[in-house]
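Me: Could you walk me through this model, one question at a time?

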Amino acid sequence: MATDTPEESHHSRHPEEQAKAGRPDPVENLDALGGAILPEHERWEYCVIHVNEDTSQQPSATAASQKLGGSMSPDFIEEQFPDQYKRKPSPHPAEQLGRFLNKMGSKGWMLTNITNLGPLQMYIFRRRKLP
């Protein structure tokens, strides 16, 4: 009985089989979802951050004075309870957002989408996957 040696077997294959023989099995390069596993330099990583809009109102010394029937003036309440009634104004929301986006950008993140998920506003960033 004649058998092919490995060399003879290689040469007797169909050209498509020879081409496939030099490549890894394509099934081995798929992830659990059936997608191709990309080389490291072609991969992305994502960061999703939700932004809560602060809709709460700052405490009002005038409202507190009214609740007390005017027994204490709003000025007196602000003076006696400065932590609750006298707050430094926050930077404008656009300025705060700009600082946040610049910080993310300095870390290599690029904003790709803004979407709402129920009451939350989601910011989606991506960057090349770091090795």
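Predicted model: local features only at pLDDT ≥ 70, side-chain atom pairs only at ≥ 80, totals over all residues.

Me: Which element of the protein has the highest mean pLDDT?
Reply: pLDDT is the predictor's confidence in each residue, from 0 to 100, and its mean over the protein is 76, with 71% of residues at 70 or more. Helix α1 (residues 6-12) has the lowest mean among the elements, 46. Over residues 1-12 the pLDDT is below 50, and this stretch has five contacts (heavy atoms within 4.5 Å) beyond near neighbours in sequence. At the other end of the scale, with a mean of 94, is strand β2 (residues 110-117).

Me: In what order do the elements run from the N terminus on?
Reply: Helices (H or I, at least four residues) and strands (E, at least two) are DSSP runs, numbered from the N terminus. The protein has six helices and three strands. Their order is α-α-β-α-α-α-α-β-β.

Me: How many bridges join β1 to β3, and how many join β2 to β3?
Reply: Strands count as paired if DSSP finds at least two bridges between them. β2 and β3 run antiparallel and form a hairpin with two residues between them, where G118 in the turn has a positive phi of about 60 degrees. One of the bridge pairs here is N116 with Q121 in β3. β1 and β3 also run antiparallel; the count for β1 to β3 is eight, and for β2 to β3 it is seven.

Me: Which residue meets E45 in a salt bridge?
Reply: A salt bridge is a side-chain nitrogen of Lys or Arg within 4 Å of a carboxyl oxygen of Asp or Glu, and the structure holds two. E45 lies in strand β1 (residues 44-51) and its partner in strand β3 (residues 120-128), so the pair ties together parts that are 82 residues apart in sequence. The two are also bridge partners between the strands. At 2.9 Å, N to O, the residue that meets E45 is R127.

Me: Is R127 buried or exposed?
Reply: Buried means under 20% relative accessible area, exposed over 50%, and partly exposed in between (1.4 Å probe, protein chains only). E45 is at 22%, so E45 counts as partly exposed. R127 is at 17%, so R127 counts as buried.

Me: What is the N to O distance between E95 and R99?
Reply: Both residues lie in helix α6 (residues 93-106), four residues apart, about one turn of the helix. E95 counts as partly exposed, at 40% relative accessibility. Their side chains meet in a salt bridge at 2.5 Å.

Me: Which residues make up the largest nonpolar core?
Reply: A nonpolar core is a set of buried Ala, Val, Leu, Ile, Met, Phe, Trp, Tyr and Cys residues joined through side-chain atoms within 4.5 Å. Of the 131 residues of the protein, 8% count as buried. Leaving out residues up to four places away in sequence, C47 touches M104, W109, Y123, I124 and F125. The five core residues are C47, M104, W109, Y123 and F125.

Terms used: Residues numbered from 1 in each chain as written. Heavy atoms only, no water.
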